[in-house]
Amino acid sequence: MRIGWKQTYETGISKIDEQHRRLFDMVNELLDQKTRSYNERQIFSLLNGLVKYAEEHFATEEKYLSYFKYPKFEEHTRQHLAFLQEITKFAQKLEDHQANVFPQMLEFLKRWYFTHIGESDRLYVEYFVKHKLIHPAQELL
Ligand SMILES: [Fe+2]
Ligand SMILES: [Fe+2]
């Protein structure tokens with residue numbers, strides 16, 4: 001089942017919104033694979049794309065957060081790192097053909113989208129709004 005778009009996923013910073021939307025599409029493409037015949041090559045290629053793009057996105061986001069001295073910068077960065085580590089573990093297990101890894105990974109991705117982009121990222125948006133940084137943030141990159 002695909003994840004649906006929610007208004008709360010919008011940050012108001014166009015570069016970040018563009019990246020969040022692309023990550024959203026990438027997660028959904030992986031979710032689509034569940035209903036198709038299992039194609040390992042396709043799954044690994046989608047997963048690689050997702051990891052590369054997530055790294056790019058995290059780097060962009062961290063640039064904003066550090067520039068605007070977000071108080072929870074360290075914690076937020078740790079969450080990004082934890083995501084990449086978790087995905088690497090799932091990829092390893094998939095390669096080892098462990099049972100049920102794929103559905104577990106999909107659940108993790110769905111949850112991550114809700115809890116990270118829908119909740120943790122929301123917190124820095126609130127900070128930006130509170131300190132009237134949305135407009136300057138928009139023009140930073
Ligand atoms: Fe994000
Ligand atoms: Fe983030």
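This is a predicted model: local features need pLDDT of at least 70, side-chain atom pairs count only at pLDDT 80 or more; totals for chains, interfaces and linings use all residues.
## Overall fold

The protein chain contains five helices and zero strands. Read along the sequence, the order is α-α-α-α-α.

Contacts between residues at least 6 apart in sequence were sorted by separation. Of these, 71% join residues at least 24 apart.

## Dimensions and burial

Along the principal axes, the C-alpha atoms of the protein chain fill a box of roughly 50 × 25 × 20 Å. The radius of gyration is 16 Å; because a compact globule of 141 residues would have a value near 14 Å, the chain agrees with that expectation.

Buried residues make up 16% of the 141 in the protein chain. To count as buried, a residue needs 20 or more other C-beta atoms within 10 Å of its own.

## Helix α4

Helix α4 covers residues 101–130, which is 30 residues. From the first C-alpha to the last, α4 reaches 41 Å, close to the 44 Å expected at 1.5 Å a residue. The helix also has a kink of about 35°, centred on R122.

Six positions can be named when asking which residues of α4 are buried. They are M105, L109, W112, I117, Y124 and F128.

## After α4

Terms used. Residues are numbered from 1 along each chain as its sequence is written. Chains are lettered from A and ligands numbered from 1 in the order in which they are written. Helices (H or I, at least four residues) and strands (E, at least two) are DSSP runs, numbered from the N terminus. The expected span of a helix is 1.5 Å times one less than its number of residues. The bend at a residue is the angle between axes fitted to the seven residues ending there and the seven starting there. A residue is buried if 20 or more other C-beta atoms lie within 10 Å of its own, exposed if 12 or fewer, and partly exposed in between; C-beta atoms are placed from the backbone. The radius of gyration is taken over C-alpha atoms; the globule rule is 2.2 Å times the number of residues to the power 0.38. Two residues are in contact if their C-beta atoms, placed from the backbone, lie within 7 Å.
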